[in-house]
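This report describes selected features of one protein chain. Please keep the sequence and the structure in view while reading.

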Amino acid sequence: MTSRTALITSHATLQNKKALVTGGSRGIGAATAVRLAGAGADVAVTYVSGKEAAADVVRAVEALGRRAVALRADSADPVEAADAVARAAEALGGLDVLVNNVGVGVLGPLSELPLAEVDRVLAVNVRGVFLASQAAAARMSEGGRIITIGTCMTQRVPGPGGTLYAMSKSALTGLTKALARELGPRGITANIVHPGPIDTDMNPADGPFAAGQSALTALGRFGTADEVAATVAHLAGATYITGAEFAVDGGHAA
Ligand SMILES: NC(=O)c1ccc[n+]([C@@H]2O[C@H](COP(=O)([O-])OP(=O)(O)OC[C@H]3O[C@@H](n4cnc5c(N)ncnc54)[C@H](OP(=O)(O)O)[C@@H]3O)[C@@H](O)[C@H]2O)c1
């Protein structure tokens, strides 16, 4: 066992919980799946094209002694988005934690965003999250956790080109607060995490716009996927936090 593995297995607050991380083959989702497993959870991840990457995440979870399953499920498809929850619950034997991580980042001038792109972004970033949350809430019992990944651009849009992405992610804040109110009486919580610039395939720290993004944060750097995953894992174990927004953004909103 590496020292890092020892660190994340030392607080097994999610022992035997069953978790689904959508879009868990790469980036923040993959880091979250491993974090949750390190805290004791069995984990399902969805992917759409990254079969090999998803298999790597399954192996990483299994190396921590937990069960894992990778499910191909396109969140843009309403049937697949909802079915993924049922398939995960069936494979793991229940569902305690849903992490709505999947998202597509489409930026561009307002005048150049075609209808097909508007529909795709809303299908993945909004409708898919709603349907997964609906399906998860139907299966969860007391102690259930719904954690959604938003973006720092719901709090501060620092320049042009963010209309579609910021609009889609802002819908998730409303969803989260409404879920908290509706599911609170059943002992189920819902929270949203807003990452700042995080070094992933979607937004590489050596990409053409990286320096400008770093400069917008108080810490002057990109975050790592694991820095976001740590907050998600904390929320998965937290008992008196619901309807809340958490910026993991290096001070982007400060
Ligand atoms: N990186 C950032 O700077 C940043 C900042 C703020 C918020 N976020 C948000 O954080 C979340 C994760 O971002 P990331 O940077 O980790 O992204 P990423 O590196 O692009 O990874 C995206 C993940 O989502 C999966 N995915 C994409 N489209 C899908 C679909 N239609 N159905 C199912 N799975 C799909 C991908 O699977 P495949 O391997 O199959 O493609 C992959 O596992 C997103 O919601 C994003 O908007 C990211």
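## Model and annotated region

The structure is a predicted model. In an unreviewed entry, UniProt lists residues 17-201 as "domain: Ketoreductase".

## The largest nonpolar core

In soluble globular proteins, nonpolar side chains tend to be buried together. The largest nonpolar core of this model contains 70 residues. Those that touch the most other members are Ala33, Leu36, Val43, Val85 and Ala132.

Which residues is Val85 in contact with, leaving aside its neighbours within four places in sequence? They are Leu20, Leu95, Leu98, Ala132, Ala135, Ala136 and Arg139.

## Helices H2 and H3

Helix H2 spans residues 27-38 and helix H3 spans residues 51-63. The two pack at an angle of about 15°, with their axes 9 Å apart. Because angles under 35 degrees count as roughly parallel, H2 is described as roughly parallel to H3.

The crossing of H2 and H3 is right-handed. On the H2 side, the contact is made by Ala30, Ala33, Val34 and Ala37; on the H3 side, by Val57, Ala60 and Val61. Ala33 of H2 was also named above in the nonpolar core.

## Asn16 in a loop

Asn16 lies in the loop between helix H1 (3-9) and strand S1 (18-21). Its phi is near 65°, a positive value in a residue other than glycine. Asn16 counts as partly exposed because it has 13 C-beta neighbours inside 10 Å.

Definitions and conventions:
Residues are numbered from 1 along each chain as its sequence is written. This is a predicted model: local features need pLDDT of at least 70, side-chain atom pairs count only at pLDDT 80 or more; totals for chains, interfaces and linings use all residues. A nonpolar core is a set of buried Ala, Val, Leu, Ile, Met, Phe, Trp, Tyr and Cys residues joined through C-beta atoms within 7 Å. A residue is buried if 20 or more other C-beta atoms lie within 10 Å of its own, exposed if 12 or fewer, and partly exposed in between; C-beta atoms are placed from the backbone. Two residues are in contact if their C-beta atoms, placed from the backbone, lie within 7 Å. UniProt positions are given in the numbering used here, feature names are shortened, and annotations may be inferred rather than shown by experiment. Axes are lines fitted to C-alpha atoms, for helices over the stretch in contact, and angles run from 0 to 180 degrees between N-to-C directions. Helices (H or I, at least four residues) and strands (E, at least two) are DSSP runs, numbered from the N terminus. Angles under 35 degrees count as roughly parallel, over 145 as roughly antiparallel, 65 to 115 as roughly perpendicular and the rest as oblique. A crossing is left-handed if the near helix is turned anticlockwise from the far one by less than a right angle, and right-handed if clockwise.
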